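Hi,

Here is the structure I promised to pass on.

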Amino acid sequence: MGEPEDRRALDRLRQIAARTTASIRAALLDLRAGGLVPNVRFEFAETSVAPMQKLYLLNTTDALTGYYEVVRRWVLLDSSDEIEVHDILGLGAPLHHHSVAGERPDPGSVAIVDSAKRWYEHAWANAEPSRTG
């Protein structure tokens, strides 16, 4: 594993996050431009906590969540250097859907969506200043 002062793994993580954020923003704006949704509001914030799962909250009624697998592996950097890192495997992580929409939502889904909303609000309140797009 790299030395703690070796910032390359952290820089790589930040680059991945920036690409992912830009991609999600573009997809949402494409939905609006295509007339598939009437409006889009996109905000994100950063925390210093290592990501362990992905969580998408949609229209206050639905939650999609998936857990990252943490693996130790060698990665190739843009500089062509290879370094060994603890990496998260998020692409392809199965997403679990929970919804409170409808007349009789599943009580388990209600609990999960409510918990996800509370967790998100707490994380958002403690994140770096938000950015919109």
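This is a predicted model: local features need pLDDT of at least 70, side-chain atom pairs count only at pLDDT 80 or more; totals for chains, interfaces and linings use all residues.

The overall layout: the chain has two helices and seven strands. The C-alpha trace spans about 55 × 35 × 30 Å along its principal axes.

How much of it is tucked away? Of the 133 residues in the chain, 18% are buried. The accessible surface comes to about 9900 Å², and carbon and sulfur atoms account for 54% of that. If you look at contacts with a separation of 6 or more, 51% of them are between residues 24 or more positions apart.

On charge, I count 15 positive and 19 negative side chains. The centres of those two sets lie 4 Å apart.

Now for the two residues I'd zoom in on. Most residues other than glycine have a negative phi. Thr60, though, has a positive phi, near 60°. You'll find Thr60 in the loop between strand E2 (53-58) and strand E3 (62-67). Its relative accessibility is 58%, so Thr60 counts as exposed.

Ser80 also has a positive phi, near 75°. Ser80 lies in the loop that links strand E4 (69-76) and strand E5 (82-89), and counts as exposed because its relative accessibility is 56%, over the 50% cut-off.

Cheers

Methods: Residues are numbered from 1 along each chain as its sequence is written. Side-chain values use heavy atoms; hydrogens and water are left out. Helices (H or I, at least four residues) and strands (E, at least two) are DSSP runs, numbered from the N terminus. Buried means under 20% relative accessible area, exposed over 50%, partly exposed in between (1.4 Å probe, protein chains only). Contact means heavy atoms within 4.5 Å. Accessible areas come from the Shrake-Rupley method with a 1.4 Å probe; for residues, only the protein chains shown count as cover. Lys and Arg count as positive and Asp and Glu as negative; His and the chain ends are not counted. The place of a charge is taken as NZ of Lys, CZ of Arg, CG of Asp or CD of Glu.
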